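Welcome! Please take a moment to look over the model below before reading on.

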Amino acid sequence: MGLRIEGLEEAGGFSRRTFFKGAALAGAAVAGSAIVSGCQPQANEHASAAERAGNAGDVAAAEINPQDEGYTSCTTDFSALFQPLTIGDYTMPNRLCKSSAGSDTALLEEVMPFEGQAFYENFAKGGIGMIWCEQCGIWPEEEISMLSAGREEDIEHWKPFVEMCHGYGVPVGGQLLGDFTRFSSSKSHYSPLDIENQNSNVPMTTDEVKDMRDHVITAAYHLQQAGFDAVELNASCSHTFDSFVSRFWNTERDDEYGGQSIENRARFITEMISGIREKCGPGFGIQVLYSAIEENVAELGDSDLCMKKEEAVEFAKLFEAAGASSLHIRSSIFGNHAAGFMTDMFNVPVPGHTGLGTVADFSRHMDGQWQGQYDGVAAFLKSAANIKKNVSIPVGTVGCMDARLAPDLINDAIADGEIDFVLMTRPLLADPSFAAKLKDGRRDEIAPCNHCMTCFAGSLAIGTPMHCRANPAMARAYTADMPEGYEPLPAEESKNVLVIGGGPAGMEAAHTAARRGHRVTLCEKKADTGGMLSFAASVKGTHEKIADYRAYLQRQLEVQGIEVIANQEVDADFVASKAPDAVIVATGAQRSMITAPGSDLPHVTSIENYATMEFGASVVLVGAGIQAIDFAIHLVKQGISVTVVHEGPEEDVDKHCPAWIKHHNLNWLRAQGTQVYSNATISEITEDQVAIGTDYGTVVQIAADTVVSCIDMQPNDGLYLALKDTYETYLVGDAKEPSTIAHASATGNLAARSISAPAVDYVPKEPKLVFGDGAGPAGAGADTPSA
């Protein structure tokens, strides 16, 4: 089917204002289709995954980092991923591993808390091949870790957790690491996107290095005695062990752990490996996580001290010779902590964006080892494959290794022998049953990781809960909001439930209520479900997997047998005709229009008309919330000059956007010259200008061929108020409180859980300071997922 682009005259002439209309429509058409349904038969070039990763893709040659959307191809049966793998004394039933990463459930207690054990049990019963537990403390009095392994009495504390994992046939490993203050040198972190930036590095003395080494060996032995199958030494992402391996950090020492040679830089790790091997025996698993790729994005191009591929291979050989049984390949990105393992961050909002306004060239920066053409997917595969060729022990890697998203690419990497296993966390947070569904051929029923970074806050938003757009139970299970835990409980009484609105809140509410045993009807005023997801998918493009998420929710409506009535306006009379027992109102928010003089001119419109509006070369957006900033990025990518004007304070710009995405978005827009006027009021709109009053006392005239109202939306509770005294009624999503997709989904889920809910006691517990992804101290739910 061809795409008809409106606004281009057959004679070849077109106005300045209509020039950009076709691009907007084309983007909407492409981005609005889901890339995942099921594996469809299609031709397979039979190239190895690493070979395919070397292709630039069918994109414009002028782009710095051309993208190849073919990475989503699916012709596989996933047979390679579901082969067992034996390492030492343990056997993984498949090649999918839960990487060591934190959760909001981690509490400082004498035993693994019930909530924490339930968190991991989801993955174990969901079919994962191995669980790597978030870091286990090495000190006898551990104050910053979930649970100490440094004392002999800790052995008994860990046993119930290990027995639970083994009960599902899943081997378990524990990660051991240092922190961001004990360091090889005094060299400081220096970027606002470095989670480490809050700390001052303290160089360790030689005796302190040896003392930490011995504590690590002891902790590993304690974990083995508790039943753990393996330990992982985390020598990545700029904390203690990595600071010795990396030339970037190890710049001052003159002892045997200094930067004078690769052997010296590896010595801290190799001594721990050999000590653990001697203490724990030949069959105990010892995995080394280290950065085979490094780049300094804070001063892009100043990378002389960054890891080169030849060094990465030599380290692998040294670790194997010391007794390591497997390797986990990752990266360190100095200046942007999250991008070191959440590799899709390097594509926000454009491929190669460092988060600091500059753009890296994937073919030249990172020693040319970063596979950047797949939107962040399998970014370390090239490096890991090179390392595997030079060692005889299993090698795995992290970094968007999402087999739902890139089936052929990832399965073939295993089948072709390029790597032996994959590690991930975020896809498992979105759907803990990821592995089982993939194995059972239910790929289209996997709740997709959206790459939205809702789950990750780090040092940018301490204390932000680790919520998930696709899984509302994340960071809510066993809290006051959701005391029953992860799984919705069966309804005490089956009811007829009417859901009004088919956006994310409505669809989530509908399928959750049906899962609980209710009879559900969903009404949507448009021809198809999706609501604002359609706008978001069109504007954001394919990087955030919003179209996949919409397809997943629509699939859940089918699976649960929900009656969907499309093209249906709903009022109180219609509701009465359906005679429901309960009503969930998910009608979306409402937006105020611009009221300044000139707001009735034909080139003034609302963002709701995004699919058909005409753009000139210069656009003024009125409003600076999350929708406005996403739309600004969408327009700037097309070469349109955008100015953002809003009445609120600067801190409200891109409000509600997850912290890391927000920093990436705003830094990129600033680098493109996009001006944001905060605390500003529009005094007049003319045919080609907008006059604004600033907070510094002047009137500024801004060129504007198009003016778009993106004013923050307001609750839409009219129908709810009309129904609430007659029916058991719930108001959810933007209709209740305009916010994010994640918030809408959560409110829908919670409402559905409330209908005829069994009573559940809730015992409050206070979260303590915990580590997250093995990278640094953070508040509850802060620095967490590692892939």
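How many residues does helix H3 have, and how far does H3 reach from its first C-alpha to its last? Helix H3 (residues 114-125) has 12 residues and reaches 16 Å, close to the 16 Å expected at 1.5 Å a residue; the expected span is 1.5 Å times one less than the number of residues.

A word on the background: this is a predicted model, in which local features need pLDDT of at least 70, side-chain atom pairs count only at pLDDT 80 or more, and totals for chains, interfaces and linings use all residues. Residues are numbered from 1 along each chain as its sequence is written, and side-chain values use heavy atoms, leaving out hydrogens and water.

The chain has 20 helices and 29 strands. Helices (H or I, at least four residues) and strands (E, at least two) are DSSP runs, numbered from the N terminus. Of the 787 residues in the chain, 62% are buried, where buried means under 20% relative accessible area (1.4 Å probe, protein chains only). Among contacts (heavy atoms within 4.5 Å) with a separation of 6 or more, 74% come from residues 24 or more positions apart.

Back to H3, which is mostly covered, with nine of its 12 residues buried. Among them are Glu115, Phe119, Tyr120 and Phe123.

| Element | Residues |
|---|---|
| Strand E3 | 96-98 |
| Strand E4 | 130-133 |
| Helix H4 | 154-167 |
| Helix H11 | 426-430 |

After H3 comes glycine 127, whose phi is positive, near 95°.

Next, a pair of helices. Helix H13 (residues 504-515) packs with helix H15 (residues 546-559) at an angle of about 35°, and their axes are 9 Å apart. Here axes are lines fitted to C-alpha atoms over the stretch in contact, and angles run from 0 to 180 degrees between N-to-C directions. On the H13 side, the residues in contact are Pro504, Met507, Glu508, Ala510 and His511, and their partners in H15 include Tyr549, Tyr552 and Leu557.

Five of its five residues are buried, so E19 is largely enclosed by the rest of the structure. Ser618, Val620 and Val622 point one way from E19, while Val619 and Leu621 point the other way. In general, side chains in a regular strand alternate between the two faces of the sheet. E19 pairs with strand E20 (residues 641-645) in the parallel sense over five bridges; pairing requires at least two bridges found by DSSP. One of these bridges joins valine 620 to threonine 643 in E20.

Conventions:
Buried means under 20% relative accessible area, exposed over 50%, partly exposed in between (1.4 Å probe, protein chains only).
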